Structure formats: C-alpha cells, structure tokens
Amino acid sequence: MPHDDHDHHHEHSHEHGGQPYRHPFQRDHDADPASPYEVLEQAIRELLIEKGILTSEEIYAQVDLMDSRSPALGAKVVARAWVDPAFKDRLLANTRAALAELGIDIGSLADFRVVENTADVHNVIVCTLCSCYPKMLLGIPPAWYKSLAYRSRVVVDPRGVLREFGLELPDHVEVRVHDSTADLRYFVLPRRPEGTEGWSEEQLASIVTRDCMIGTAVPVEPATSAAAE
Amino acid sequence: MSAPAPRFRIGDVVRVDSRMALGHCRTPFFLRGKTGVIVGIQGAFHDPEKLAYHKPGLPRQVLYKVRFKQSDLWPNYRGKPHDHLEADIYEHWLMRISAEARSDSHAA
C-alpha cells in the first residue's frame, strides 16, 4: 500500500550516531559512524519510501530473496547437469528455462549464461567494471570477487591468480576469462571428477563449491573428498 | 517492438572502438582499440549509456560475445598462446575488420 496510507508516527530514532531514521530497518553491522555510502543509501531509501516508489515491505522482501540464495543452489544445478545430459544440453542452450525446471527463478534483471569446462578449456568469471555476479544462483559474492586486485589481475595473469587459489592448470588447457561486462551473468559448469560414478546427486552437489562455479577452483577428486566415504 | 537486426555475424573479426566516452558505458578501457572475433550474438538490450541517465535506452543495442587472444591484449602476457578473454560488447562499439576469423587462433 502507498506509504501515505500508513498511520504510524514518524518518530525519529537517534540511536545510531544521532542520525534520524524515519523507517525502522535492520543494520547489517554496527559500524559507527555510518560511512558516507551508508548515509547516501539511507537517504535514497528513505526518499523512495516517502515518494511511494517502494515500500519497506518490498525492500525487506528483496533482502529475504537474496538471503535465500546460496552456492548450494548452484551446486544442485551442476549435479543435475552431471547426471542428466539432456538437462545439461537445455542448461547450455537456454539457461533461464532450464533453471526454471528446477524451480529456480533468476528474476528479470539479468539473463544467465553457463560456460562449460572441458578437457581443453578452463573458464573463469570476473567483472572488471564493477562486481556483476550470478547472485540469483550463488548468493552474495565473496569479498575477494569484488576486490580491485582480483578484478584487475585475473584478466592480465589468470594462470598466476588461479595458482594463488591453489589451482595449477596443465599447459595444454586453454584458460578462458569471461568478463561480465553487460547484461549477462556467467557461471561455470565444472567437470565431473573421475571416480564419482554411481554417486547420488546430493553426493555430487557436496563437492561443488562456490569457487568451482566462479572458476577459481575445480571439484576435488573423491580420494581427497569427505564425500567419498 | 521488433528487435534490431544484428550487423555482425559469428566469425566476423571486429575492432572495439577506442573513443573516449563521457559518462557511463560498459566497454572496458583495456579492450578499446583491440581486435577480436564475434563468437556469440547475445540479443538486444537497452542501451546502458542512456539508461544510466534515466533515458529509455532506445534504440536497443545488439550485444555480442567477443573473443580476444590474451597475447593481443597484453604485450607481456605470461600465460599460454592459446589463452583467451571474452567480453560482451554492444554493437555501437564495434567495427568490422573482416568477415572471416583467423581459423588458426580463434577456434572454439
């Protein structure tokens, strides 16, 4: 409902550094004083609510939606692609529709593309311009993904950066860096490790980490994986 | 609203324009002036350079997946000659160099 219909009093809270908050909200952390960007975000959020463009409820709903996404969702998709070649084909051809088959709605803000690792190609994802990331599948990105160091170095020296992650690629394998410059979000479909024949989808999903889907890691062989028990 | 027809085809060799753009744009500086090959046509999207300033973003721009040889991007590239970088570039930043990819270096 429009904000103007609220009959609450606009009481000002002064508990955080004396800044008045007209609408109650949860702070993620207790940094005090708030950074200039936090103050800017607060001001814009307050204005959007005041003008009836968004409601507090809509903002909370979006925060809840983002919090519901985690790398476990992506791992489930990868495991399904490993056990079901027809699903994998659909995932590569029309990612949005294939994810919808699993009940995953990626929203309308950006479309998704899957890049498949093979015996000859290893893919790694970056956004050099900002921090574009397949959030609707992997959740909130790790801090390093958004760091200037990763964003600038992985395009210049991908093999060196991957080595720092503990991933040494054979010389014959092509390293293919994908810079998410525009309206598409990328995620990596890693290779299924040898020795996982007969594993259930749940077992397979357990070895697919977030970094495997960014491309800075590969699923660990069952010999050294806890999932191999 | 009909989608604009792509001017380029998969396999076309293109160069990214090296112009300076004022304001917001999605063409990284490190790719400006560089030559690559179209490997995908991603569809038509609202123009981010207009969207950023509250314009409708029309006409929509066709977005291409462009593949660059890493050794073409960085003179002292420390990886392997068969390493590549791919980026999504809007049509109004691309110029066709030739209609055929160099088959030796850009094979998928």
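A salt bridge is a side-chain nitrogen of Lys or Arg within 4 Å of a carboxyl oxygen of Asp or Glu. In this predicted model, the side chains of Arg210(A) and Asp211(A) form such a pair, with 3.0 Å from N to O. Arg210(A) is partly exposed, at 27% relative accessibility, whereas Asp211(A) has a relative accessible area of 16% and is buried. Side chains of opposite charge can pair when their charged atoms come close.

Over all chains, the structure contains 17 salt bridges. One of them joins Arg159(A) to Asp83(B), with a distance of 2.8 Å from N to O. This pair crosses between chains: Arg159(A) belongs to helix H9 (residues 158–164) of chain A, and Asp83(B) lies in the loop between helix H2 (70–73) and strand E4 (84–90) of chain B. Because buried means under 20% relative accessible area, Arg159(A), at 8%, counts as buried. Asp83(B), at 0%, counts as buried as well. A further salt bridge, 2.7 Å from N to O, is formed by Asp17(B) and Arg19(B); here Arg19(B) is partly exposed, with a relative accessible area of 28%. Salt bridges also link Glu174(A), Arg176(A), Lys65(B), Arg67(B) and Glu86(B) in a network.

Chain B may now be considered as a whole. Its secondary structure consists of 2 helices and 5 strands, which follow the order β-β-α-β-α-β-β from the N terminus. Chain B has 108 residues, of which 46% count as buried. Among its contacts with a separation of 6 or more, 64% are between residues 24 or more positions apart. The chain exposes about 5,700 Å², and carbon and sulfur atoms supply 55% of this area.

In chain A, the confidence of the prediction deserves attention. The mean pLDDT of chain A is 87, and 83% of its residues reach 70 or more. Over residues 1–19 of chain A, however, pLDDT stays under 50.

On the surface, Tyr37(A), Leu40(A) and Ile44(A) form a nonpolar patch with about 370 Å² of accessible area together. Leu40(A) is part of helix H1 (residues 36–50) and is partly exposed, with a relative accessible area of 49%. Asn117(A), in the loop between strand E1 (111–116) and strand E2 (121–126), is buried, with a relative accessible area of 6%. The side chain of Asn117(A) reaches the backbone nitrogen of Asn123(A) at 2.8 Å. Beyond its neighbours within four places in sequence, Asn117(A) is in contact with residues including His122(A), Val188(A) and Arg191(A).

Definitions and conventions
Residues are numbered from 1 along each chain as its sequence is written. Chains are lettered from A and ligands numbered from 1 in the order in which they are written. This is a predicted model: local features need pLDDT of at least 70, side-chain atom pairs count only at pLDDT 80 or more; totals for chains, interfaces and linings use all residues. Side-chain values use heavy atoms; hydrogens and water are left out. Patches are made of residues with over 30% relative accessible area and no salt bridge: like charges are joined within 9 Å, nonpolar side chains (Val, Leu, Ile, Met, Phe, Trp, Tyr) within 5 Å. Accessible areas come from the Shrake-Rupley method with a 1.4 Å probe; for residues, only the protein chains shown count as cover. Helices (H or I, at least four residues) and strands (E, at least two) are DSSP runs, numbered from the N terminus. Buried means under 20% relative accessible area, exposed over 50%, partly exposed in between (1.4 Å probe, protein chains only). Contact means heavy atoms within 4.5 Å. A polar contact is a pair of N or O atoms within 3.5 Å; within protein, one must be able to donate a hydrogen and the other to accept it, and residues adjacent in sequence count only if both atoms are side-chain atoms. pLDDT is the predictor's confidence in each residue, from 0 to 100.
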